[in-house]
Amino acid sequence: MPRPTQNIIQLTIDGRECRAAEGTMLVDAARANDIEIPYFCYEPKLGNPVGACRMCLVEIEGIPKLQTSCSTPVKDGMVVHTQTERVHHAQNAIVEFLLVNHPLDCPVCDKGGECPLQDITFGWGLGRSRFIEPKRHFEKPLALSPLIAIDRERCILCYRCVRFSQEVAEDYQLIFTERAADTFVGTHDGHPYVAPFSGNIVELCPVGALTSRPYRFRARPWDIEGAGGICTLCPSQCNVEFTVRDEKVMRVRARDAPGAPAGGGPVGHPDVDDGWLCDKGRFAYQAIHVDQRITQPLVRDGGSLRPVSWERALDAAAGLARHKGAIGALVGGQATNEEGFLIQRLMREALESGDIDSGVGEAVPAELTRALAAPALQATVPDIEFAHTVLVVGCEPLDDAPILDLRIRKGVRRRGVRLAVATPRPSALDPNAELVLRFGPGEEGALLSELDRALSSGGAGVAGDVASLAELLRDGGEDVVILWGERCLGADALRSLLAVAQRLGLADREGAGLLEIPAGANGRGLREAGVVPGSGPGYAELSHPGRGARQIAQAVADGGITALYLFQTDPLRDQPDRALWEQAMHHAGVVVAHASVLTEGLAEHANVIFPAESHAEKEGTVVHPDGRLQRLRTAIAHPGSVRAGWSVVAELAKRAGLDIGVLTSPMAFKQLVAAVPFYGELTLEEIGGRGVRWQEREAASEFPTVDITAGSIEPPLAGRVPVTNGGLRLGTYRSIWAAPEVEISPALKFTVAQQQVELAPEDAQRLGIAPGDPVEVSQNGTRLRGTVHVRTGVPAGTAFLADGIAGDSANAFTEPVIEVHKR
């Protein structure tokens with residue numbers, strides 16, 4: 001749908017002529033014109049204002065009573081006064097009332113020094129109190145959750161945290177309990193506030209009532225400094241600010257965080273994260289400084305990995321050169337564009353091998369990859385919020401890119417976006433959806449093919465939910481955004497996806513298109529840098545394409561490839577078919593890896609491990625799923641003897657006989673830009689702190705010519721696998737918490753993903769299994785253990801298991817049917 005039009009009007013504030021968009025809240029119009037009005041409860045990202053704190057009262061000519069500027073839209077000709085005696089008296093009174101029960105414990109409060117209540121008290125308070133009666137007291141602090149402490153005495157009842165829980169995250173866990181002077185923030189029946197986005201309420205709180213337990217009493221504002229960065233723990237690529245003290249990350253906040261004192265300030269990046277963070281991005285920083293972090297090179301000696309000097313490790317890794325033409329490389333999603341670009345140069349130019357991949361499973365044909373990346377088809381993150389209709393297919397945004405989950409909810413709640421969810425597994429977005437389609441695991445391609453048929457025939461010959469979906473997409477409005485997941489959609493499904501996009505006319509339509517959630521955080525950037533088997537940098541055609549991840553594993557197992565180079569990935573955990581990869585890594589003559597955490601596969605099979613940088617230490621660029629290049633900057637010094645990844649790759653290339661000619665990360669970026677035509681002389685200065693979408697630059701016309709109309713019609717939806725002898729169709733999912741960084745972060749121990757077997761109620765009843773029962777899952781002699789979660793919405797005859805976890809991961813299974821038995 002079209003973005004709201006802005007009619008600029010003129011008003012007067014304190015005698016100054018000001019201009020603002022009609023309908024803008026008065027407090028925002030004043031701030032835009034450098035006029036400060038204090039407030040506590042107001043936060044535009046929380047939705048409609050509630051005027052709870054009354055701190056922003058102003059006098060408006062023609063209205064006898066004082067008005068809350070946070071809930072008063074500006075109008076043409078409005079005359080406002082913020083400095084009259086009535087206004088000052090009201091503001092003084094509000095501050096005095098807020099301090100009636102507020103403890104005077106600023107010296108020991110974590111918020112001290114960066115507290116809006118402190119600033120507003122100094123700026124708008126009387127400086128004295130007439131209150132001499134005893135203040136109210138609560139037990140303090142209470143653990144609102146394992147991550148958040150609440151000091152109820154400090155709460156000023158601004159509603160921010162409750163509104164976030166109910167109107168943004170929509171977890172509906174936080175409430176106000178009791179009444180009048182006894183009111184405080186709590187949860188239903190005192191249950192811990194455990195939710196994927198709970199940490200945002202710490203930033204929203206304008207006082208010290210809600211504090212981060214991992215950061216509590218760790219530093220004061222005058223001890224720390226902020227460093228901007230990008231979180232690369234998932235494809236959302238949120239803009240973050242690292243709080244640094246003595247070269248250690250003490251906390252992570254949204255960059256330009258909400259809750260700024262008095263006049264406020266920018267709130268997040270509206271084109272990326274909208275100012276929110278998930279708890280993984282906010283608290284997994286602890287993995288940077290734990291003892292389990294690899295901070296020096298390791299070489300296998302006598303059957304075990306031992307710390308060695310860099311020289312010895314590089315000498316050992318130089319043995320890759322003896323396997324020229326027979327080396328396979330996998331690059332993990334946390335690699336930067338520069339690292340990926342140099343690795344593909346190392347592989348193709350120095351080691352004479354095109355067997356390199358940054359994806360999972362089967363490689364997607366090069367022409368299909370180009371077609372899906374065509375600028376004409378790319379939707380942006382804000383398009384999700386303003387589209388007429390959004391279709392989520394083959395992905396779970398809450399797990400795969402959590403911030404997109406919040407953006408979809410915002411679009412449905414505020415803009416009336418019509419949402420359709422088509423996934424095998426029940427989605428957290430189902431309650432928000434106008435239409436929900438369930439189908440068997442792996443049937444995304446058949447669904448999209450059937451949808452293409454329905455769109456092409458006007459619904460003739462297609463019945464049921466697919467016909468309803470086609471009608472919704474066709475008649476629900478022209479701006480359609482399809483959000484799809486790389487992990488679940490194979491080549492046939494992607495061809496049908498392109499056909500659907502063609503039927504809907506999404507190409508070259510502003511506000512519409514496709515938006516991918518890659519399997520890795522920088523999956524798109526690595527593909528553009530040439531870290532795929534079928535194309536070079538800039539999706540250039542290759543005369544000798546290489547093999548994808550699965551083909552690499554098979555070639556190693558068969559002896560065609562004799563060495564593996566793994567950059568920030570463990571295929572035993574990250575790739576499907578664990579058994580094949582175990583066989584491959586066992587047969588490989590040399591396995592060289594870069595890692596920050598010693599995972600199971602690397603501990604058992606790697607010959608050399610170089611310590612990898614964290615996202616707080618890297619310098620380079622990444623590409624957001626919508627094509628926005630963003631810049632990583634070094635926030636802290638490397639711990640131990642960690643070196644930059646690009647420099648290690650450059651040294652390995654030099655020892656293999658290729659001088660890459662890179663001495664700094666910006667030099668690598670310059671080479672990357674020269675090799676990718678549609679980056680067109682892009683500079684780091686142009687990217688800056690907010691990033692730039694390459695599709696919006698003139699150089700986007702240099703993108704390779706592709707046919708984005710190619711489609712493939714697949715058979716209609718297959719019937720569900722019949723349930724015989726306890727057999728169930730296997731589906732997999734990857735939890736938001738399935739990451740090594742989560743497992744070694746002390747604050748997130750309670751979230752560590754364990755195997756959970758999701759069953760439909762009818763299947764659980766048939767098998768005699770109750771929620772929470774321990775079960776054994778088996779297939780062809782392979783057995784895993786897990787705990788049952790009976791979940792409404794799971795298709796009958798289907799079980800969903802978690803993969804990407806440390807133990808009992810579902811990638812041990814390779815067939816579509818499993819058996820579940822109670823232990």
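## A buried salt bridge

Lys410 and Asp274 are both buried, where buried means under 20% relative accessible area, exposed over 50% and partly exposed in between (1.4 Å probe, protein chains only). Lys410 forms a salt bridge with Asp274, with the closest N and O atoms 2.9 Å apart. A salt bridge here is a side-chain nitrogen of Lys or Arg within 4 Å of a carboxyl oxygen of Asp or Glu. Lys410 belongs to helix H12 (residues 402-415) and Asp274 to the loop between E13 and helix H6 (279-283), so the pair ties together parts that are 136 residues apart in sequence. Helices (H or I, at least four residues) and strands (E, at least two) are DSSP runs, numbered from the N terminus.

## About the model

This is a predicted model, in which local features need pLDDT of at least 70 and side-chain atom pairs count only at pLDDT 80 or more, while totals for chains, interfaces and linings use all residues. Residues are numbered from 1 along each chain as its sequence is written, and side-chain values use heavy atoms, leaving out hydrogens and water.

The pLDDT, the predictor's confidence in each residue from 0 to 100, averages 93 for the protein. Be careful with residues 257-266, where pLDDT stays under 50, and with residues 712-721, where the pLDDT is below 50. Where pLDDT is low, the predicted coordinates should not be read in detail.

## A three-stranded sheet

Let's turn to an open sheet of 3 strands, in the order E11-E12-E13 with antiparallel pairing; two strands pair if DSSP finds at least two bridges between them. Strands E11 (225-230) and E13 (248-254) stand at the edges with a single partner strand each, so one side of each has no neighbour in the sheet. Between E12 (residues 239-245) and E13 there are 6 bridges, and Thr243 stands opposite Arg251 in E13.

In the loop between E11 and E12 sits Thr232, which is buried with a relative accessible area of 3%. Not counting residues up to four places away in sequence, Thr232 touches Gln334, Ala521, His615, Val622 and Leu632; contact means heavy atoms within 4.5 Å.

## Helix H19

Helix H19 (residues 578-587) has Arg578, Leu580, Trp581, Ala584 and Met585 buried. Seen down the axis of H19, these buried residues fall within an arc of 155°, so they line one face of the helix; the arc is that of the directions from the helix axis to the C-beta atoms.

Arg578 also forms a salt bridge with Glu582, the closest N and O atoms being 3.3 Å apart. Glu582 counts as partly exposed, at 31% relative accessibility.
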